[in-house]
Amino acid sequence: MRYVVHYATPPLRPIPTPSPSPSLNGAAIGSNHTMLLSVFLALFLPCAGMSLVFIVYISLLWCSSSDNNNNSQTDLRLPVKSVKGEGMSASELDQLPKITGKELVLGSDCAVCLDEIETEQPARLIPGCNHGFHLQCADTWLCKHSVCPVCRAKLDTQFFTALEN
């Protein structure tokens, strides 16, 4: 035999909805303002700080440039690289051999201007290493330096005394 059990369900009552209290509604509005204020400050403060740093940087640049302008008017600046009198004099340059481009021994390219020395162009031959250059290129280089532009061999004063004897 079967036993069937029936349970009685209690009657359903409607669930009362809570009425919004005025104190909770005001707190929600206050929290929205607080959130907006915090977002505004989070975006505004870094931008204001970076702007302040930029303004200070620009003003420092302006002050330093105005100081440089004032100093350059009152005194002359020294060159960064000191100028040394290591070049050759005009009389020493005249003692160096002059040849034409067809008489060159070690090639016909000028290492100073990187151009080819033509057969009829005047050239200057460096004694000792026998490197040749355009006459004007060699004289310009040797007025400032007393070494060969290719091999850096120093032109010694013994060469000039040997030519005079």
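Colleague: How far is the side chain of R124 from the backbone oxygen of L93 that it reaches?
Modeller: This is a predicted model, in which local features need pLDDT of at least 70 and side-chain atom pairs count only at pLDDT 80 or more, while totals for chains, interfaces and linings use all residues. Residues are numbered from 1 along each chain as its sequence is written, and side-chain values use heavy atoms, with hydrogens and water left out. R124 is found in strand β2; strands (E, at least two residues) and helices (H or I, at least four) are DSSP runs, numbered from the N terminus. From there, the R124 side chain reaches the L93 oxygen at 2.8 Å.

Colleague: Is R124 buried or exposed?
Modeller: The cut-offs are under 20% relative accessible area for buried, over 50% for exposed, and partly exposed in between (1.4 Å probe, protein chains only). R124 has a relative accessibility of 1%, so it counts as buried.

Colleague: Which residue forms a salt bridge with R124?
Modeller: A salt bridge needs a side-chain nitrogen of Lys or Arg within 4 Å of a carboxyl oxygen of Asp or Glu. The closest N and O atoms in this pair are 2.8 Å apart. The partner lies in helix α3, 15 residues from R124 in strand β2, and the pair links distant parts of the chain. Like R124, this partner is buried; it is D139.

Colleague: Are K102 and E120 buried or exposed?
Modeller: These two residues form a salt bridge, with closest N and O atoms 4.0 Å apart. Both sit in the loop between β1 (98-100) and β2, 18 residues apart. K102 and E120 are both exposed.

Colleague: What separates the C-alpha atoms of L125 and L96?
Modeller: L125 lies in strand β2 and counts as buried, at 15% relative accessibility. Beyond four places in sequence, L125 is in contact with P97, I99, N130, H131 and G132. L96 is 29 residues away along the chain, yet the C-alpha separation is 7.0 Å.

Colleague: Which side chain makes a polar contact with the side chain of S146?
Modeller: S146 is found in the loop between α3 (135-144) and α4 (157-164), and it is buried at 11% relative accessible area. Its contacts beyond four places in sequence include E86, G87 and M88. A polar contact is a pair of N or O atoms within 3.5 Å; within protein, one must be able to donate a hydrogen and the other to accept it, and residues adjacent in sequence count only if both atoms are side-chain atoms. At 3.2 Å, the partner is K154.

Colleague: How much accessible area does the patch of L37, F40, L41, F44 and L45 have together?
Modeller: Patches take residues with over 30% relative accessible area and no salt bridge, joining like charges within 9 Å and nonpolar side chains (Val, Leu, Ile, Met, Phe, Trp, Tyr) within 5 Å. One member, L41, lies in helix α1 (residues 22-74) and is partly exposed at 36%. Areas come from the Shrake-Rupley method with a 1.4 Å probe, and for residues only the protein chains shown count as cover. Together the five have about 490 Å².

Colleague: What pattern does the chain follow along the sequence?
Modeller: The chain has 4 helices and 3 strands. Of its 165 residues, 17% count as buried. Read along the sequence, the pattern is α-α-β-β-β-α-α.

Methods: Contact = heavy atoms within 4.5 Å.
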